[in-house]
Amino acid sequence: SAAVPEVVAVSAEFKRVVVLRFKFQADLLAGIEKAVKEQKIKNAVVLSGIGSVRNYQFHSVSNRDFPSKNIYVKDTKEPADIVAINGYVIGGKVHAHMTLTDEDKAFGGHIEPDTNVFTFAIVTLGVFGDEVDLSRFDDKTWR
């Protein structure tokens, strides 16, 4: 639609920074969601994430035309290093992606449940004030 701008820019400052640390076997996505709720975070950006996982599940897009379709990847037996976690909290909802590595490759996508921490994981959130409106930013119908 011509009514949707090519780029939307929102200027904001961080109200605070929250650092999360996850222990062995914690569900990474559930843990982030729990912390967001407990910390009353409405809008934030994931600034950084590292660690390792015992197993993983993620999804990524698998086509180029609308409607978009997802492919889900789940491995219940293979560990991997977390080399990056990024994403947003929009309206209290976590939209986070991760990049994992093993001895052969880097891979990843949108974090799904049943991604369990191995040694540890650290996720850092830059929290915006509640007045910041990111509500349309991950709306795939706003095009």
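Which elements cover the buried residues of helix 1? In this predicted model, local features rest on residues with pLDDT of at least 70 and side-chain atom pairs count only at pLDDT 80 or more, whereas totals for chains, interfaces and linings use all residues. Residues are numbered from 1 along each chain as its sequence is written, and side-chain values use heavy atoms, with hydrogens and water left out.

The cover of the buried residues of helix 1 includes strand 1 (14–22), strand 5, strand 6, strand 7 (106–111) and strand 8 (117–128), with contact taken as heavy atoms within 4.5 Å. Helices (H or I, at least four residues) and strands (E, at least two) are DSSP runs, numbered from the N terminus. The residues of helix 1 that are buried are Leu28, Leu29, Gly31, Ile32, Ala35 and Val36. They sit on the same side of helix 1 because they cover an arc of only 165° around the axis, the arc being that of the directions from the helix axis to the C-beta atoms. On the face of helix 1 turned away from the buried side are the exposed residues Lys34, Lys37 and Glu38. Here, buried means under 20% relative accessible area, exposed over 50%, and partly exposed in between (1.4 Å probe, protein chains only).

At its start, the backbone nitrogen of Leu29 has a side-chain oxygen of Asp27 within 3.2 Å. Just after helix 1 comes Lys40, with a positive phi of about 55°, in the loop between helix 1 and strand 2 (44–53). Lys40 is exposed, its relative accessible area being 68%. A positive phi, of about 75°, is also found at Gln25, which is not a glycine. Gln25 belongs to the loop between strand 1 and helix 1 and, at 45% relative accessibility, counts as partly exposed. Elsewhere, the peptide bond from Phe66 to Pro67 is cis, with omega near 5°, and Pro67 lies in the loop between strand 3 and strand 4 (70–75).

Attention now turns to the pockets. On a 1 Å grid over the protein atoms alone, a pocket is an open set of points with protein on both sides within 12 Å along at least five of seven lines, and lining residues have an atom within 4 Å of a point. Grid points are joined across faces, edges and corners, and a volume is the space filled by probe spheres set on the points. The largest pocket has a volume of about 430 Å³. Its lining is made up of 14 residues, with His59, His95, His110, Asp138 and Lys140 nearest the centre. Helix 1 (28–38), strand 3 (56–61) and strand 6 (93–101) each give two or more residues to this lining, and the largest share, four residues, comes from strand 6. By class, three lining residues are nonpolar, seven polar and four charged; Ala, Val, Leu, Ile, Met, Phe, Trp, Tyr, Cys and Pro count as nonpolar, Asp, Glu, Lys and Arg as charged, and the others, Gly among them, as polar.

The second largest pocket has a volume of about 190 Å³. Among its lining residues are Val10, Ala12, Tyr88, His95, His97, Phe128 and Asp138. Strand 5 (80–90) and strand 6 each provide two or more residues, and strand 5 gives the most, with three. This lining divides into eight nonpolar residues, three polar and one charged.

Note on methods. 1 Å grid on protein atoms, 1.4 Å probe; cavity = no way out; pocket = protein on both sides within 12 Å on 5 of 7 lines; lining within 4 Å. Polar contact = N/O pair within 3.5 Å; in protein donor to acceptor, adjacent residues only side chain to side chain.
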